[in-house]
Amino acid sequence: IVTARFDSRWPSEVGFREMAVHRLPFPQRFGWGTMRYMIALSRWLRCNQPDFDLVYVSHLSLEAHATMGALQGSGLPVVLRAEPDEPLDSASSHRRRRLARRVMRRCQLAAAVVTSSHATKERLLEAGFPADRVQLIPAGVELTAPRTQNGQLAARAALAGVNEDLRVGLNMPVVTFIGPLQPLYELTHLVSAWHRVSQQHPHARLWLIGDGAQRERLYRSIRDTDLFGRVLMPGTFDDLEDVLRASDLLIVPSAAVD
């Protein structure tokens with residue numbers, strides 16, 4: 001995994017499970033700093049390309065543009081992942097529009113572009129991406145064993161052992177969101193709607209699993225609607241299997257994700 005080191009105090013090399021994570025310096029100045037990061041990324045890819053069979057890049061961004069340029073002619077396939085909030089044509093100034101068009105033209109040369117959203121796939125095709133290289137891969141997690149009542153009870157007990165706030169009984173429905181706490185997901189509307197759910201089903205619980213920029217706003221919304229204990233934000237989990245087994249419903253509250 002290759003990513004940016006936005007804070008000089010962060011280590012350059014870390015391990016995540018069995019994966020090595022390489023952080024390349026990203027100076028705080030986002031103009032010149034961005035350029036320096038892209039140069040460092042290009043150099044790193046050219047230096048390490050013999051170690052890889054494929055490069056997978058998140059977002060149709062400057063990182064994708066730099067990756068495509070660094071590996072051009074190497075024969076190494078580059079696969080890009082387009083997210084539902086991908087700004088395919090949202091640059092405002094003329095200069096930024098030119099840069100965005102250049103990025104998109106290079107991205108269209110990727111071996112494949114994958115997305116989890118039907119709407120995003122249609123936007124990619126409208127933007128000129130080759131139809132035979134745009135692949136829809138639905139989001140989802142395959143559980144290792146069928147769901148059972150005993151399995152759900154065991155998962156709930158395991159989570160309660162980690163965080164007492166997550167203790168729920170067998171007959172307490174649990175609805176779960178998993179993802180970044182960002183505006184892309186209509187989480188404030190979800191919390192507002194949960195107030196009505198809670199009035200009809202006071203034992204039901206809503207778990208917001210993740211972290212992000214909207215955490216404080218969601219906290220205030222939970223407080224203002226008197227949903228403490230009924231809507232929980234326990235943070236992130238390295239392993240989501242128990243969370244999924246403990247839940248009755250997984251929800252994705254977004255107009256951009258289908």
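S198 is found in helix α6, which spans residues 187-200; helices here are DSSP runs of H or I with at least four residues, strands are runs of E with at least two, and both are numbered from the N terminus. The structure is a predicted model, in which local features need pLDDT of at least 70 and side-chain atom pairs count only at pLDDT 80 or more, whereas totals for chains, interfaces and linings use all residues. Residues are numbered from 1 along each chain as its sequence is written, and side-chain values use heavy atoms, with hydrogens and water left out. With a relative accessible area of 3%, S198 is buried (buried means under 20% relative accessible area, exposed over 50%, and partly exposed in between, with a 1.4 Å probe and protein chains only). Beyond residues up to four places away in sequence, S198 touches L227 and R230, a contact being defined by heavy atoms within 4.5 Å.

R230, one of these two partners, lies in the loop between α7 and β10. Its relative accessible area of 30% makes R230 partly exposed. When residues up to four places away in sequence are not counted, R230 touches W194, S198, P202, A204, R205 and L206. A separation of 76 residues in sequence lies between R230 and A154, and their C-alpha atoms are 21 Å apart in space.

The loop between α7 (215-224) and β10 (231-235) also holds D226. The phi angle of D226 is near 55°, a positive value in a residue other than glycine. D226 counts as exposed, at 62% relative accessibility. A positive phi is likewise found at H59, which is not a glycine and has a value of about 80°. H59 is placed in the loop between β4 (55-58) and α2 (62-70). The relative accessibility of H59 is 30%, so this residue counts as partly exposed.

Regarding charged side chains, the protein has 31 positive and 27 negative ones, and the centres of the two sets lie 9 Å apart. In this count Lys and Arg are positive and Asp and Glu negative, while His and the chain ends are not counted; the place of a charge is taken as NZ of Lys, CZ of Arg, CG of Asp or CD of Glu. On the surface, R97, R98, R101, R102 and R105 gather in a patch of positive charge. Patches are made of residues with over 30% relative accessible area and no salt bridge, with like charges joined within 9 Å and nonpolar side chains (Val, Leu, Ile, Met, Phe, Trp, Tyr) joined within 5 Å. R105, a member of this patch, is found in helix α3 (residues 94-107).

The structure holds seven salt bridges, each being a side-chain nitrogen of Lys or Arg within 4 Å of a carboxyl oxygen of Asp or Glu. One of them joins R245 to E241, with the closest N and O atoms 3.2 Å apart. These two residues are four residues apart in helix α8 (residues 241-246), which means that about one helical turn separates them. R245 counts as buried, at 13% relative accessibility, whereas E241, at 27%, counts as partly exposed.

A further salt bridge links R223 with D224, where the closest N and O atoms are 3.2 Å apart. R223 is partly exposed, with a relative accessible area of 41%, while D224 counts as exposed at 58% relative accessibility. The side chains of R215 and D211 also meet in a salt bridge, at 4.0 Å from N to O. Both ends of this pair are described by intermediate accessibility classes: R215 is partly exposed, with a relative accessible area of 24%, and D211 is partly exposed, with 44%.

At the level of the whole protein, there are eight helices and eleven strands. Taken along the principal axes, the C-alpha atoms fill a box of roughly 60 × 40 × 40 Å. Buried residues make up 36% of the 258 residues. The protein exposes about 15,500 Å², of which carbon and sulfur atoms supply 52%; accessible areas come from the Shrake-Rupley method with a 1.4 Å probe, and for residues only the protein chains shown count as cover. Among contacts between residues at least 6 apart in sequence, 61% join residues at least 24 apart.
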